[in-house]
Amino acid sequence: MTAQPLDVDTVAGLVADAAAAPSLHNAQPWTFRYLRDIGVLRLYADLERALPRTDPENRGLHVGCGAALLNLRVAAAAAGLAPVVRLLPDPACPDLLAEAHLCGTGTPDGALARLSPAIHRRHSSRFPFREETLPLDVQETLQEAALAEGAQLLFPGAWHVQSILELVGDAEGREALAPDVREETARWAHTGSSGSAGAVDGIAAEAFGPRQRHTTVPVRDFAVGRPVPERGWAPFEREPNIALLGTAHDGPADWLSAGQALERVLLQATTDGLVASVTSQPLEWPEIRWAVRDPVSAMAHVQMVIRLGHGPEGPASPRRAVAEVLDVL
């Protein structure tokens, strides 16, 4: 609602909310640059935080940065702002993923603003959920959230869910035979607690969740075979609520859109009292990624597998300080 550039403290607050987004292995692969004279905030890929073994095409990196962009838009709307956002604004600079003109004079997006309280409440939960089916109206609300960002959310039937679980198992088997992938995961998965390790990124041990007993819920085991003190076993739900998030095309702009849709779905789920975990394990192997999609659906490219339900909230993940991710020019 203002044509005046925002002050740095306000922008720092927006970036803090943006940086609360989920990302592959909690690598937080983003940096921001604020051009204060013109009121433009730019989002860049931080390629030093890429995962070349797990995510060789940087698809997951773009999805994570898209999630951060959605959080930025939500925080801006809650602050009464109507930013004008462009994806991939400079073909000569592929690391520049998006820019937001923060001093737009339009009407703030009320639907986005209402999601603001969920930004810092949303945490991945790798714990057992209750054996409950999601009501159709809840599914429809989440589907509308994805559609608002140009993506599709599909709740597959029982036979397809079983197929997805088998593909997750296939991916886990492939990882077990790929020492470079296991080593990369181990670098980002801390077997100590977030407090004792002093980490500002990655997955802390308390967020691993228990090992599964007699179930095959699609939750990545970040222990990677390493001992984790006081980590136990637990039965998970036998019929998990699984959703597939996908797009019609499969390029960098689509990955950014998928990331925005993913975070909008997760924030809506949090607002609705649900918890969630996500996995891209079967999508990280080109040989099996194609098999994740439903052959009778219009979803061409699956970008994320989401598990939803009612259960304990996950712990907060460590975060880098805003000063580390924001430059002001």
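## Basis

Contact here means heavy atoms within 4.5 Å. Helices (H or I, at least four residues) and strands (E, at least two) are DSSP runs, numbered from the N terminus. The model is predicted: local features need pLDDT of at least 70, side-chain atom pairs count only at pLDDT 80 or more, and totals for chains, interfaces and linings use all residues. Residues are numbered from 1 along each chain as its sequence is written, and side-chain values use heavy atoms, with hydrogens and water left out.

## Helix H1

Helix H1 spans residues 8–18. Its buried residues (under 20% relative accessible area; exposed is over 50%, partly exposed in between; 1.4 Å probe, protein chains only) are Val11, Leu14, Val15, Asp17 and Ala18. They cover an arc of only 160 degrees around the axis, so they sit on the same side of H1. That arc is taken from the directions from the helix axis to the C-beta atoms. The buried residues of H1 pack against S1, S2, H2, helix H10 (322–325) and S11.

## The sheet

Five strands form an open sheet in the order S3-S4-S2-S1-S11, with mixed pairing. Two strands pair if DSSP finds at least two bridges between them. Strands S3 (84–87) and S11 (326–328) stand at the edges with a single partner strand each, so one side of each has no neighbour in the sheet. S3 and S4 (residues 96–101) run antiparallel, joined by 4 bridges. Val85 has Ala100 in S4 as its bridge partner.

Helix H2 (residues 59–78) lies across S1 (30–35), S2 (40–45), S3 and S4. It runs at about 160 degrees to S2. Axes are lines fitted to C-alpha atoms, for helices over the stretch in contact, and angles run from 0 to 180 degrees between N-to-C directions.

## Salt bridges

The whole structure holds 18 salt bridges, each a side-chain nitrogen of Lys or Arg within 4 Å of a carboxyl oxygen of Asp or Glu. Asp46 and Arg320 form one of them (3.7 Å, N to O). Asp46 lies in the loop between S2 and H2, and Arg320 in the loop between S10 (301–309) and H10, so the pair ties together parts 274 residues apart in sequence. Asp46 is buried at 12% relative accessible area. Arg320 is buried at 10%.

Arg289 is in helix H9 (residues 286–289), and Asp250 is in the loop between S8 (241–247) and H8 (252–271), 39 residues apart. Arg289 is buried at 14% relative accessibility, whereas Asp250 is partly exposed at 26%.
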